[in-house]
Amino acid sequence: MSPGPDGRIRIYACGPTVYARIHVGNARPFVVFSLLRRYLLHVGYDAVLVVNVTDINDKIYAAAQPAGTPSAELARQMTAAYVADTDGLGLGRPDHEPLASETIGEIVALIEVLIERGHAYEAAGDVYFSVSSYPDYGGLSHQRIEDMDQGEGPDEEALKRHPRDFALWKAQKPGEDTAWDAPWGRGRPGWHIECSAMAEKLLGVGFEIHGGGSDLVFPHHENEAAQTAAARGQPLVKVWMHNGMVRLDEGKMSKSTGNLFLLHEALAAYGRDALIMYFCAGHYRQPVDFDEGRLEEARAQVRRVRDAARRLVTGPSPEWSGPLRERFLAALAEDFNTPSALAAVFDWVREANRSDSPVGADDLREMLGVLALENLLEAPAGEAPAEVQELLRRREEARRAGDYARSDALRDELRARGWEVRDGPDGPELVPAE
Ligand SMILES: [Zn+2]
């Protein structure tokens, strides 16, 4: 990946359509592109991430009507819920999170250019993109034109000059409670033009990376690419990065936990650390099953890192760590291969566990930090810090060796640090001293 002329790597990822709480499938692009930005910043690029919010869309009208809620109100509520739910991932916010409803001026202006240049036409208050005016159409999804279905309704089909044309602007229909003024009359933008306009407003044209789920390749991204290139005479983006789908298989979730497919439910059930670990365990391009087994495995991996972290000391890592750190960074440089990077992390953990001398945590902290998992090195709330755990370990050693004077001295030292040792059925346990 080479940065743009100003040294930046500009990333636009398609965000959610806000008509309901988001599920773990919607969370995947948020995680993938937030981590990608984190990695690029880590290796010294000036990366900027835009994740839009689609707050004008047929799905929002369709969900708002039966609920008796104004569609703008539903979109507002679900945008707030989306922000709260994704905050639970602990990845920070993207640099910009534009709303379609705040980009109407730019959208109308872009449609005007397309009409002027002969790439779009008005029909009964709607505006359509003319696919035959743009010879490169289909270049992203490589579909045969006869296999293409824009997924639009019968009203739109009747107005199109060609069935492959798609809507840029839709005249207000009965039952639609939001509309904006445009030279073609009141109405609202189509979904695809919203993203072209939001991306250009914040990143310009010809930015570095456009992301989103693989289900968006056609028609959404094909149409975004066609609109921008036709209007501006240069490509929308240099590189497309599509993440694979999260397969939600109800049969693979246990009855006791229910089907925890909504992000906020999954966060409550498994914790953000296990969810981030779960997402990193799959290559972003591949589909991944969301099932109990994989989540349990992610939880076990989180525990493995936490357990190893208790025995680490602060400071530089030993010599054996260098090649593992290199392997970690090389994996991410190679098409952002997070599973391969994680394998380097677990090789590091295994090596540290084998070591007889104290191991400095610096390299592990760096690697975990790139994956937003550096908190695994901190003791969870209510748990004794690493050096206290280490005192307990030495007390156990002394006890097993029959050195009771030393074991008592270590118990006193623990008490002086505010921790009491309780010998329970699962071995000694540290509790905060009264
Ligand atoms: Zn989009």
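**In which helix is Glu 397 found?** Glu 397 belongs to helix α14, which spans residues 386-400. The model shown here is predicted. Glu 397 has a relative accessible area of 40%. That value makes this residue partly exposed. Ser 407 sits ten residues away from Glu 397 along the chain. The C-alpha atoms of Glu 397 and Ser 407 are 8.1 Å apart.

**Figure 1. The whole chain holds 15 helices and twelve strands.** The chain has 434 residues, and 51% of them count as buried. Its C-alpha atoms fill a box of roughly 90 × 50 × 35 Å along the principal axes. The accessible surface comes to about 19200 Å². Carbon and sulfur atoms supply 49% of that surface. Now consider contacts between residues at least 6 apart in sequence. Of these, 73% join residues at least 24 apart. The chain carries 48 positive and 69 negative charges. The mean positions of the two sets lie 4 Å apart.

**Figure 2. Cys 14, Cys 195 and His 220 coordinate the zinc ion.** Which atoms of these residues coordinate the ion? They are SG of Cys 14, SG of Cys 195 and NE2 of His 220. The distances run from 2.0 to 2.1 Å. Along the chain, the donors follow the spacing C-x180-C-x24-H. Cys 14 and His 220 link distant parts of the chain, 206 residues apart. Cys 14 lies in the loop between β1 (8-13) and α1 (24-42). His 220 lies in helix α7, residues 217-232. Is Cys 14 buried or exposed? Cys 14 counts as buried, because its relative accessibility is 8%, and the cut-off for buried is under 20%. His 220 is buried too, with a relative accessible area of 1%.

**Figure 3. His 221 is a buried residue of helix α7.** The relative accessibility of His 221 is 0%, so this residue counts as buried. Which residues does His 221 touch, leaving aside those up to four places away in sequence? Among them is Cys 14, one of the residues that coordinate the zinc ion. The contacts also include Leu 140, Leu 216 and Trp 240. Two other histidines, His 210 and His 242, are touched as well. Gly 211 and Gly 212 complete the list.

**Figure 4. Helix α9 is mostly covered.** This helix spans residues 272-280. How many of its nine residues are buried? The count is nine of nine. The buried residues include Arg 272 and Asp 273. They also include Leu 275, Ile 276, Met 277 and Phe 279. What do the buried residues of α9 pack against? Their helical partners include α1, α8 (263-270), α10 (292-310) and α12 (338-354). The strands β9 (246-248) and β10 (288-290) are also packed against α9.

**Figure 5. Glu 200 and Arg 232 meet in a salt bridge.** The distance from N to O is 2.9 Å. Glu 200 lies in helix α6 (residues 191-203) and Arg 232 in helix α7, so the pair ties together parts that are 32 residues apart in sequence. Glu 200 is partly exposed, at a relative accessible area of 22%. Arg 232 is also partly exposed, at 32%.

**Figure 6. Asp 289 and Arg 247 form a salt bridge.** Their closest N and O atoms are 2.9 Å apart. Why does this pair tie together parts of the chain that are 42 residues apart? The reason is that Asp 289 lies in strand β10, whereas Arg 247 lies in strand β9. Asp 289 is buried, with a relative accessible area of 12%. Arg 247 is partly exposed, with a value of 42%.

**Figure 7. Other salt bridges include the pair Arg 304 and Glu 297.** The closest N and O atoms of this pair are 3.8 Å apart. Arg 304 is partly exposed, at 36% relative accessibility. Glu 297 is partly exposed as well, at 39%. Elsewhere, four residues are linked in a network of salt bridges: Asp 58, Lys 170, Glu 176 and Arg 188. How many salt bridges are there by this count? The count comes to 39.

Terms used:
Residues are numbered from 1 along each chain as its sequence is written. This is a predicted model: local features need pLDDT of at least 70, side-chain atom pairs count only at pLDDT 80 or more; totals for chains, interfaces and linings use all residues. Side-chain values use heavy atoms; hydrogens and water are left out. Donors are N, O and S atoms within 2.8 Å of the metal (3.2 Å for Na, K and Ca); water is not among the atoms, so sites may look incomplete. Helices (H or I, at least four residues) and strands (E, at least two) are DSSP runs, numbered from the N terminus. Buried means under 20% relative accessible area, exposed over 50%, partly exposed in between (1.4 Å probe, protein chains only). Contact means heavy atoms within 4.5 Å. Accessible areas come from the Shrake-Rupley method with a 1.4 Å probe; for residues, only the protein chains shown count as cover. Lys and Arg count as positive and Asp and Glu as negative; His and the chain ends are not counted. The place of a charge is taken as NZ of Lys, CZ of Arg, CG of Asp or CD of Glu. A salt bridge is a side-chain nitrogen of Lys or Arg within 4 Å of a carboxyl oxygen of Asp or Glu.
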